[in-house]
Amino acid sequence: MIILAATEPVAPVASGGVLLVSALAAIALIVVLITYVKLHPFLALLLGGVAVGVLSGRNVMDVITSFGDGFGSTATGVGLLIALGAMFAKLLADSGGADQIVDTIVSRSSVRTLPWAMALVGAIIGLPMFFEIGLVLLMPVIYLVARRAQVSLITVGIPTLAGLSAMHGLVPPHPGPLAAIGALQADLGTTLALGVLVAIPVIVVSGPLFGRLAGRWVVVEAPHTFDSTPGTEASATTPRPSFAITLFSVLLPLVLMLAKAIVDIVINDPADQVQQVFDVIGNPLVALTVAVIVAMFTLGRGSGMDRREIARTIEKSLPPIAGIVLIVAAGGGFKQSLIDTGIGTELAGWAQGSGVSAILLAWVLAVLIRLATGSATVATITASSLVVDLVTNMSAPEVSLVVLAVGAGSVFFSHVNDAGFWLVKEYFGLDVVQTIKSWSLMETVLSVSGLVFVMALSLLI
């Protein structure tokens, strides 16, 4: 379990109405700063965190202390995991391991099963990689597969995007799920297991099934942008780690974290030595550190890299994620500012009195913030911050389901205020209407089906 805030919520310093108005004003400020002023989300969250405290009547110095505590604890708990994940993803890409996964799966698929194969490729590549990186990496393959199958680019592209997006929104160690896990103090292993369980049917519905319909609505041919790159003699002779070794490397941290969760359930004795061992090796920080070290040998050395090349790859992995770490950490500061005003207690009391499901409320909040800001990460951070007190008396699986509901809501209907919208539009050669009819609707199907499957699980747990 990742604990991001050691401080206890202070007693409310204002009435419930004032606290609610303060929280709404702070969220509105964040939205305006990001959307209209075009301010970096890090600064927007910082100003929003200070604003919510001051508007609720707290002392300015106390507000700054709250934000600093939340920022520091989040940077420590989540920032390290994001950095390790980026190192692993860079090793996977530079070693040719990602290409090996793609080529192996696609080469064994028939024309009829290619959309399903591409959904699997997107899911596997999406486990360690951020959405944008995975998309750029897979675009040449999407082009080639669309031409091989002689179908619309959308028919094979949408399943790939669904695999990438579902993993990005639902499965740690991606920044959004990690931030929600930290804010709600959810168990990472349990959330990981349930996240994968939810992601599988979500990818099927929003990927191959929806992709078949979207491919009829939007018919575009694959461009020849990357024709000279894949399949060249140089790329064919470059050493790659084997498919089995690559898949082992990708799944290793997940297996370690899942093993910890299973052992904790089966043994359920903190004094047991076996459980203590698994608690250590299944700790997210330890599991990802082990995965990176192992990947240096299985992926780095396995592809012929020497020590300098491996070190260079690791070094290059960190600068691109600096902004993400700052945004997530600032989200932790904003979360702590909200908690210390007491707004969470007020919101929890209202939700319990109205009978609204915590899962549904979390999803709706994430959807609204996603539509307003265009950022899945900001939506996840803000929504999870608002529902902290709702999960106080929930079991570990129930808290994990709230995390997944937030993650599902955070990807709802990507549109023109989302950088991912324009990335997909340009790479697929679409106009705005075509992008909405394919990508935006796919994200909506993914989000709604995610909520449906999370709600279904809540009836069984």
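Start with the largest cavity: helix 11 gives the largest share of its lining, 4 residues. Helices here are DSSP runs of H or I with at least four residues, numbered from the N terminus. A word on the source: this is a predicted model, where local features need pLDDT of at least 70, side-chain atom pairs count only at pLDDT 80 or more, and totals for chains, interfaces and linings use all residues. Residues are numbered from 1 along each chain as its sequence is written, and side-chain values use heavy atoms, with hydrogens and water left out.

Now, how much space lies in the largest cavity? About 90 Å³. On a 1 Å grid over the protein atoms alone, a cavity is a set of points where a 1.4 Å probe fits but cannot get out, and lining residues have an atom within 4 Å of a point. The volume is the space filled by probe spheres set on the points, which are joined across faces, edges and corners.

Who lines the largest cavity? G85, F88, L127, P128, P173, V250, P253, L254, M257 and L288. Helix 3 and helix 11 are the elements that give two or more residues to this lining. By class, the lining has 9 nonpolar residues, 1 polar and no charged. Nonpolar covers Ala, Val, Leu, Ile, Met, Phe, Trp, Tyr, Cys and Pro; charged covers Asp, Glu, Lys and Arg; the others, Gly among them, are polar. In total, the structure holds 5 cavities of 30 Å³ or more.

Next, the largest pocket. Its volume is about 1000 Å³. A pocket is an open set of points with protein on both sides within 12 Å along at least five of seven lines. The largest pocket is lined by 42 residues, and closest to its centre are E132, H168, I324, T377 and A419. Helix 3, residues 60-94, gives the largest share of that lining, 6 residues. The pocket lining divides into 23 nonpolar, 11 polar and 8 charged residues.

On to packing. Back to helix 11, residues 243-266: it packs against helix 9, residues 188-217, at about 110 degrees, with the axes 8 Å apart. Axes are lines fitted to C-alpha atoms over the stretch in contact, and angles run from 0 to 180 degrees between N-to-C directions. Helix 9 and helix 11 are therefore roughly perpendicular, a label for 65 to 115 degrees. From helix 9, the contact uses L188, G189, T190, L192 and A193; from helix 11, L254, M257, L258 and A261. Contact means heavy atoms within 4.5 Å. The residues of this contact are 7 nonpolar, 2 polar and no charged.

Second pair. The axes of helix 15 (residues 322-341) and helix 18 (residues 376-386) come within 9 Å and cross at roughly 20 degrees. That makes the two roughly parallel, meaning under 35 degrees. I327, V328, G331, F334, K335 and L338 in helix 15 meet T377, I381, T382, S385 and L386 in helix 18. The classes here are 6 nonpolar, 4 polar and 1 charged.

Last pair. Helix 4 (residues 97-107) and helix 6 (residues 131-149) pack at about 15 degrees, axes 11 Å apart. Helix 4 and helix 6 are therefore roughly parallel as well. That's the tour.

Terms used: Parallel < 35°, antiparallel > 145°, perpendicular 65-115°, else oblique.
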